[in-house]
Amino acid sequence: MKNNTESSEKKKALKPKEIINKFIPVVLIAIMIVSGINTVLSLRSYRLAGAEYESLEAYVVPVTTEAQHEAYESEETEVTEEVDPYPDIPEMDIDFDALTQINPDFRGWLSVPALALSYPVVQGTDNEGYLNETFEHVRNKAGAIFMDSYNYPDFKDFNTFIYGHSMKDKSMFGTLKELGENPELVSEHPYIYVYTPKASYQFRIVAYYVTRNDSDTYKFLQKPEEYDAYIDYIEGVNELSGITDIDYREYPKLLTLSTCKGAHGTVNRFVVHSVLVSKEARE
C-alpha cells in the first residue's frame, strides 16, 4: 500500500517545467492588463493636458498673418548692409494679465513657427515642480514648459534655459527633435519668439544636438570668457551646418530649449540653441 501511495503522489506532483508553462500565461495576461491600464491612463492624461493648453490659446491672438511673416522672410535675401537683416517680429495680442491671474508663475509665451509650437512659459522656485504639473497646477505627466528657476525672466543672463517634456503624442516639446531630423525646417523658419509683458524677443536658431543631462550644455555663464568658451563648445558639437554669420563678439543673449531624447528615464537630451537678434519693448 505504501508503494502505491508514493507512486500516486509522484504522478500528482508537477514538474518545474510544467509549473513554468502554467505560470507564464498568467504573467503575460497580467502584463497585458497593466499595460492596457497604463495606456488608457496615458491617453486620458494627454487629452486633459491637451484640452487645458488648447483653452489657453484663447488668450493669444496673432496679429501678423502667416502670409505677412513669409513675406518678411523672403525680403531677408534682398536687404543691404544698412538695413536690419531680420524680419519684423510677428505681432501677438496676448492677454498677459489674464494668464498671470491664472498662474502668477507665468513669464511669457513661446512660439516656434518651424514646429507650430506655441505654449505659455512658467518659472517655479525649482526645476522639479512643473515636471508633473500643468500651467493650471493640475497634476499631469505632461507638465508645463518652464524656464530654469535660476534664470532672470527678462533674459538678462548670457543663456536662458527653457525645458519641456518630449511627449509621445508630440505635445509640449515632443516635436523639438524634428528640427534635427529635418534641417529644412530651420531654413524655412529660423526664428523662435518669446513674448513677455515687457518685451517681444526674436531668437535665431543656430545649433542643435544630442547631449547628456550633466554635460557642459547646462553650465550657467557668468563671465565673458565663460561665454566665449561656451560658444566654442557649441560649435564643436553642433549638428546644424551653415550658420556662420553670427557675431558673438558683443555677447548676444542665448536661448536654449531642452527636452528628453529617448525612453523614459534617459539621461540623453535634445538641445536647440538660439541667439537674440531683435527685441521690441512693449508699450
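This is a predicted model: local features need pLDDT of at least 70, side-chain atom pairs count only at pLDDT 80 or more; totals for chains, interfaces and linings use all residues.
Asn268 counts as partly exposed, because its relative accessibility is 31%. Along the chain, Asn268 and Thr211 are 57 residues apart, yet their C-alpha atoms are separated by 5.6 Å.

Arg269 is buried, yet has no salt bridge. Which side chain of opposite charge is nearest to Arg269? That is Asp214, and the distance is 9.0 Å. A salt bridge needs a side-chain nitrogen of Lys or Arg within 4 Å of a carboxyl oxygen of Asp or Glu. What Arg269 does have is a backbone neighbour: a polar atom of the Arg269 side chain lies 2.9 Å from the backbone oxygen of Thr266.

## Salt bridges

Side chains of opposite charge can pair when their charged atoms come close. How many salt bridges does a search of the whole structure find? The search finds five, and here is a look at some of them.

One of them links Arg249 to Asp247, with the closest N and O atoms 2.9 Å apart. Arg249 is exposed, because its relative accessible area is 68% and the cut-off for exposed is over 50%. Asp247, at 38% relative accessibility, counts as partly exposed.

Another joins the side chains of Glu178 and Lys170, at 3.5 Å from N to O. Here Lys170 is exposed, with a relative accessible area of 51%, whereas Glu178 is partly exposed at 22%. Buried would require a value under 20%.

Lys156 and Asp154 form a salt bridge too, their closest N and O atoms being 3.9 Å apart. The relative accessible area of Lys156 is 51%, so Lys156 is exposed. Asp154, with 31%, is partly exposed.

## A negative patch on the surface

Glu225, Asp228, Asp232 and Glu235 form a negative surface patch. Patch residues have over 30% relative accessible area and no salt bridge. Asp232 is a handy one to select in your viewer: is Asp232 buried or exposed? Asp232 is exposed, because its relative accessible area is 53%. Asp232 is found in helix 7, which spans residues 224-237.

Most residues other than glycine have a negative phi. Two residues are worth checking with that in mind.

His137 has a phi near 65°, a positive value in a residue other than glycine. Where does His137 sit? Its place is in the loop between strand 4 (117-122) and strand 5 (145-147). With a relative accessible area of 40%, His137 is partly exposed.

Tyr251 has a positive phi as well, near 55°, and is likewise a residue other than glycine. The loop between helix 7 and strand 9 (254-260) holds Tyr251. Tyr251 is partly exposed, because its relative accessible area is 27%.

Terms used: Residues are numbered from 1 along each chain as its sequence is written. Side-chain values use heavy atoms; hydrogens and water are left out. Patches are made of residues with over 30% relative accessible area and no salt bridge: like charges are joined within 9 Å, nonpolar side chains (Val, Leu, Ile, Met, Phe, Trp, Tyr) within 5 Å. Accessible areas come from the Shrake-Rupley method with a 1.4 Å probe; for residues, only the protein chains shown count as cover. Lys and Arg count as positive and Asp and Glu as negative; His and the chain ends are not counted. The place of a charge is taken as NZ of Lys, CZ of Arg, CG of Asp or CD of Glu. Helices (H or I, at least four residues) and strands (E, at least two) are DSSP runs, numbered from the N terminus. Buried means under 20% relative accessible area, exposed over 50%, partly exposed in between (1.4 Å probe, protein chains only). A polar contact is a pair of N or O atoms within 3.5 Å; within protein, one must be able to donate a hydrogen and the other to accept it, and residues adjacent in sequence count only if both atoms are side-chain atoms.
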